[in-house]
Amino acid sequence: MTGRIVIRSGRARRVDELTDRDRAVLALEARAWRTAGAKEAAIREQLGLAPVRYYQVLNGLLDRPAAVSYDPVLVNRLRRLREARRARR
């Protein structure tokens, strides 16, 4: 695997690797939610993110090859939904 190595917070990682937070965002997005309120509460409690920031992070993940490698079915489904929303605008 190739990729630049970046050091943040004293830890080295490859740019093309997912962080624990990235994997947690994808795992949360893969769950089925009965209400939007339940999902938003889980975003705040489990990730410590505001929902707006969560969706910014998620949108960025959809463009990363590492995310596709991690969960191709989920990421490709979310990409299709994103493109359909863009087409409606």
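Q: What is L78 in contact with, once its neighbours within four places in sequence are left aside?
A: L78 is in contact with E29, L58 and L62, where contact means heavy atoms within 4.5 Å. A word on the basis: this is a predicted model, in which local features need pLDDT of at least 70 and side-chain atom pairs count only at pLDDT 80 or more, while totals for chains, interfaces and linings use all residues. Residues are numbered from 1 along each chain as its sequence is written, and side-chain values use heavy atoms, with hydrogens and water left out.

Q: How far apart are L78 and L62, in sequence and in space?
A: They are 16 residues apart in sequence, and their C-alpha atoms lie 7.4 Å apart. L78 itself sits in helix α5; helices here are DSSP runs of H or I with at least four residues, strands are runs of E with at least two, and both are numbered from the N terminus.

Q: Why is L78 called buried?
A: Its relative accessible area is 8%. Buried means under 20%, exposed over 50%, and partly exposed in between, with a 1.4 Å probe and protein chains only. L78 therefore counts as buried.

Q: What is the pattern of the protein chain, read along the sequence?
A: The pattern is β-β-α-α-α-α-α, which amounts to five helices and two strands. Of the 89 residues in the chain, 26% are buried.

Q: Which residues in the largest nonpolar core touch the most other members?
A: V25, L26, Y54, L58 and L61 do, in a core of 18 residues. The elements giving two or more residues to this core are α1, α2, α3, α4 and α5, and α3 gives the most, with five. What makes such a set a core is that its members are buried Ala, Val, Leu, Ile, Met, Phe, Trp, Tyr or Cys residues joined through side-chain atoms within 4.5 Å. In soluble globular proteins, nonpolar side chains tend to be buried together.

Q: Which residues is V25 in contact with, leaving aside neighbours within four places in sequence?
A: V25 is in contact with L47, Y54, V57, L58 and L61.

Q: What makes Y54 and Y55 an aromatic pair, and which kind is it?
A: Rings of Phe, Tyr and Trp (its six-membered ring) pair if their centres lie within 6.5 Å; planes under 30 degrees apart count as stacked, over 60 as edge-to-face and the rest as tilted. By this rule the count comes to one aromatic pair. In that pair, Y54 and Y55 have ring centres 4.9 Å apart and planes at 80 degrees, and the pair is edge-to-face. Y54 is buried at 0% relative accessibility, whereas Y55 is partly exposed at 39%.

Q: How do you know that the side chain of K39 makes a polar contact with the side chain of E29?
A: The distance is 2.9 Å. A polar contact is a pair of N or O atoms within 3.5 Å; within protein, one must be able to donate a hydrogen and the other to accept it, and residues adjacent in sequence count only if both atoms are side-chain atoms. The K39 side chain also makes a polar contact with the side chain of Y55, at 3.4 Å. K39 lies in helix α2 (residues 36-47) and, at 11% relative accessibility, counts as buried.

Q: What makes R23 and D20 a salt bridge?
A: Their closest N and O atoms are 2.4 Å apart. A salt bridge is a side-chain nitrogen of Lys or Arg within 4 Å of a carboxyl oxygen of Asp or Glu, so the pair qualifies. Both residues lie in helix α1 (residues 20-30), three residues apart, about one turn of the helix. R23 is partly exposed at 28% relative accessibility, and D20 is exposed at 52%.

Q: What does the salt bridge of R64 with D22 tie together?
A: The closest N and O atoms of R64 and D22 are 3.0 Å apart. R64 lies in the loop between α3 (51-62) and α4 (65-70) and D22 in helix α1, so the pair ties together parts that are 42 residues apart in sequence. D22 counts as buried, at 5% relative accessibility.

Q: How many salt bridges does a search of the whole structure find?
A: The search finds five. Among them is R86 with E83, whose closest N and O atoms are 3.3 Å apart. These two are three residues apart in helix α5 (residues 72-88), which means a separation of about one helical turn.
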